[in-house]
Amino acid sequence: MLEGKTVVVGVCGGIAAYKVVEVVSRLKKLNADVNVIMTENAAKFVTPLTFRSIAHNPVITDMFDEPKEWDIQHISLATKADVIVVAPATANIIGKVANGIADDMLSTTIMASKAPVVFVPAMNTNMYENPIVQDNIKKLSERGYIFLETETGRMACGTVGRGRLPEPSAIVESVSELVCSKCDLKDLKVLITAGPTQEPIDPVRFISNKSSGKMGYAIAAQASKRGAKVKIISGPVNLKTPCGVEVIGVKTAHEMFSEVMKSYEDFDVLIMVAAVADYKCANTSDKKIKKKDDNLTIELVKNPDIAKELGKVKGNRILVGFSAETNDLINNACEKLTSKNLDLIIANDVTQEGAGFETDTNIIKIIKRDGNILDFPIMSKTEVGDRILDEVLALLRKDYY
Ligand code: PMT
């Protein structure tokens, strides 16, 4: 329920504007106080009267309308808002905000507000993929603006590709989670590695493992919901980017190592969930290797140990590692906790049903440096994420006070 929460919905001029009527209706059913601001072009697609009838609030279209109350409207809504949702977010509004332009009621309200702003882009595929639009999205994401991922499908213009507005139910779910979640990780910066790495053998083959990225992405999603600024350095996975999270895609362990080293100084918490290949091919063939003899020997050489290298330079940062084991869980995990200079290690026995790779659940033990072990039953990876973040928070609070 969104009782007592003010949601400002900014509607821009795009064909998907009609879908936002349902977003407003769903927000109202959750008892939110919904205030709609429409751009001039939005009002050409859907009338303000439609939104007014559903939101039960005046719809603002013009900055210079006679104010209904003695508040300056864009300032009063900007201050009142618990969240601002911009849907459909056009290339135009994204470009304006990214470049500090405030020339209508919506851009002015966004600029004057300290509330979280969720952009829900919807536009023609080529436009969405245009590097200028992507640069603006990146710039705003880095400043803490949240972007929901567009969906792929047939567009109103007939093309098939990325750029469709997500379903109204998904938009409302993201907004509700954002408004209702506890913000105990606000101002914290969390860097996470996730997924597998792929070590090439030749142009068509590689060495990899079964990691789906689900565990790392679940921690990232929970950290973001709890107010943290989150970046994932991710191996190849087939998962949606969690709301508000920045993802840097890599393939090899070396690429992951180099991205982590570029970023870690800007972060307070480093959580190493990725299943990084310990070895890579000594020589990668630039041509597809042909079948010849009965045996083929591939020489492997060690990859950098990202967690271990971070352990040497981490300073006051909290460094969390995972330990994927098939035997001797506690001893192996404790050895990694010490040798990699970790603050916590999350041990999972990947032979257990419902634990480890690819599943939506995990069974973990959190091992602390003082030898304390927290033993958990089977939980969703989302819950596991929250329990790990609770322990990180406890460590931070201990250091602080
Ligand atoms: O992705 P999912 O399908 O959801 O699966 C989740 C998971 C099983 C991958 C996850 O729960 C997990 O256990 N991740 C760690 C996997 C692993 O590689 O563990 P390890 O024991 O080999 O490595 C120990 C720690 O060192 C890990 O934090 C690992 O990220 C890190 N490491 C390892 C090798 C290396 N070269 N660099 C590293 O940073």
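The model is predicted: local features need pLDDT of at least 70, side-chain atom pairs count only at pLDDT 80 or more, and totals for chains, interfaces and linings use all residues. Residues are numbered from 1 along each chain as its sequence is written, and side-chain values use heavy atoms, with hydrogens and water left out.

**Overall build**

The protein chain holds 14 helices and 21 strands. Both are DSSP runs, numbered from the N terminus: helices are H or I with at least four residues, strands are E with at least two. The radius of gyration is 24 Å, close to the 21 Å that the globule rule gives for 401 residues, so the chain is as compact as a globular protein of that length. That radius is taken over C-alpha atoms, and the rule is 2.2 Å times the number of residues to the power 0.38. The C-alpha trace spans about 80 × 55 × 35 Å along its principal axes.

Buried residues account for 50% of the 401 residues. Buried means under 20% relative accessible area, exposed means over 50%, and partly exposed lies in between (1.4 Å probe, protein chains only). The accessible surface of the chain is about 20100 Å², and carbon and sulfur atoms contribute 50% of that area. Areas come from the Shrake-Rupley method with a 1.4 Å probe; for residues, only the protein chains shown count as cover.

Contacts are heavy atoms within 4.5 Å. Of the contacts between residues at least 6 apart in sequence, 66% join residues at least 24 apart.

**The open sheet**

Eight strands form an open sheet in the order β12-β11-β8-β13-β16-β17-β19-β20, and the pairing is mixed. Two strands pair if DSSP finds at least two bridges between them. The edges are β12 (246-249) and β20 (373-375); each has a single partner strand, so one side of each is left without a neighbour in the sheet. From one strand to the next, the twist averages 15°. Axes here are lines fitted to C-alpha atoms, for helices over the stretch in contact, and angles run from 0 to 180 degrees between N-to-C directions.

Strands β13 (residues 269-272) and β16 (residues 318-325) run parallel, joined by four bridges. Here V269 stands opposite I318 in β16.

**Salt bridges**

A salt bridge puts a side-chain nitrogen of Lys or Arg within 4 Å of a carboxyl oxygen of Asp or Glu. The count by this rule is 19.

K96 is buried at 12% relative accessible area. D104 is buried too, at 18%.

R226 is buried, with a relative accessible area of 3%. D184 is partly exposed at 22%.

D390 sits in helix α14 (residues 381-400), 164 residues from R226. At 25% relative accessibility, D390 is partly exposed. Shared partners join D184, R226, D386, R387 and D390 into one salt-bridge network.
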